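Here are a few notes to read alongside the model.

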Amino acid sequence: MTPARHPSAPSLSRVGIARRISQDFREGDVINLGVGVPMLCSLFIEDEDILLHSEHGVLGHGRQARTQDEVDPSLATAGRQPIIPRPGMVVMDHAESFALIRGGHLDATILGAFQVSAQGDLANFWLPGAVAGAIGGAQDLAFCARRVIVAMQLLPRPRRFVNRLDLEMTAPRCVDRLVTDIGVIDLVDGRAIVRELVPGWSLEDAQRLTEVELVAAPEGIAEVTLKSDRDDLWNAA
């Protein structure tokens with residue numbers, strides 16, 4: 001299997017993946033955002049009643065800082081990404097923050113991943129050749145959040161969605177949904193159910209990017225739509 005770019009269809013950019021994920025957030029949700037693409041979701045919730053959580057002890061923070069003037073060295077996520085405050089934001093100690101996680105109070109966690117298996121196993125803290133991994137709160141988040149969504153780029157990086165992990169596992173059977181640069185895939189009872197695809201992509205096109213057998217959703221495969229007029233949501237074909 002050699003993943004290759006579709007010859008004529010666009011794909012979601014990193015910001016586009018984040019936008020698609022954020023469209024599933026609901027008013028009142030408590031959401032933990034991981035490093036990288038997941039944190040970009042914060043750009044789309046400024047006017048919504050959604051509580052963002054960071055496991056080192058912040059609840060109700062705002063989006064990531066956009067400019068140097070917005071950076072407060074004392075206010076950052078667990079992944080050291082600078083963030084801005086929001087009215088009502090709470091700062092707590094690690095014990096309280098992890099009690100919130102382990103108590104099942106997170107509606108969802110959005111994570112990046114080096115690999116995800118068809119069974120929903122997650123690998124996101126260590127790569128071969130690295131001196132050490134950085135697991136942080138990933139195991140607690142993956143086990144305890146009510147829903148685990150992984151942001152993943154399939155086009156530029158082969159062997160990310162696989163039948164069986166060959167990287168160190170963070171947590172088993174925990175991933176509920178993949179939001180990728182070509183579409184949305186739900187993992188249900190060991191099956192990879194394709195819910196949405198980027199316009200121009202077919203199930204056969206998507207299948208060429210993974211060894212995992214993809215199955216069309218019973219109601220059919222919808223087109224990915226993004227509720228934003230930003231010009232950085234799509235990669236050209």
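1. Do keep in mind that this is a predicted model.

2. Now look at how β7 (residues 115-117) meets β8: the two run antiparallel and are joined by 2 bridges. Val116 has Leu122 of β8 as its bridge partner.

3. Val116 and Leu122 also turn up in the largest nonpolar core, which has 66 residues. Along with Ile21, Phe25, Phe161 and Val175, they touch the most other members. Which strand gives the most to this core? That is β9 (residues 148-152), with 5 residues.

4. Helix α1 (residues 14-22) deserves a look too, as 8 of its 9 residues are buried. Among them are Val15, Ile17 and Ile21, as well as Arg19 and Arg20. Ile21 is the residue already met in the core.

5. Finally, the largest pocket holds about 740 Å³ of space. Its lining counts 34 residues, with Gly34, Val35, Gly112, Asn124 and Ala134 nearest the centre. Two or more lining residues come from each of α1, β2 (30-33), α2 (37-40), β6 (108-112), α4 (138-144) and β9. By class, the lining is made up of 16 nonpolar, 13 polar and 5 charged residues.

Notes:
Residues are numbered from 1 along each chain as its sequence is written. This is a predicted model: local features need pLDDT of at least 70, side-chain atom pairs count only at pLDDT 80 or more; totals for chains, interfaces and linings use all residues. Side-chain values use heavy atoms; hydrogens and water are left out. Buried means under 20% relative accessible area, exposed over 50%, partly exposed in between (1.4 Å probe, protein chains only). Helices (H or I, at least four residues) and strands (E, at least two) are DSSP runs, numbered from the N terminus. A nonpolar core is a set of buried Ala, Val, Leu, Ile, Met, Phe, Trp, Tyr and Cys residues joined through side-chain atoms within 4.5 Å. On a 1 Å grid over the protein atoms alone, a cavity is a set of points where a 1.4 Å probe fits but cannot get out, and a pocket is an open set with protein on both sides within 12 Å along at least five of seven lines; lining residues have an atom within 4 Å of a point. Grid points are joined across faces, edges and corners, and a volume is the space filled by probe spheres set on the points. Ala, Val, Leu, Ile, Met, Phe, Trp, Tyr, Cys and Pro count as nonpolar, Asp, Glu, Lys and Arg as charged, and the others, Gly among them, as polar. Two strands pair if DSSP finds at least two bridges between them.
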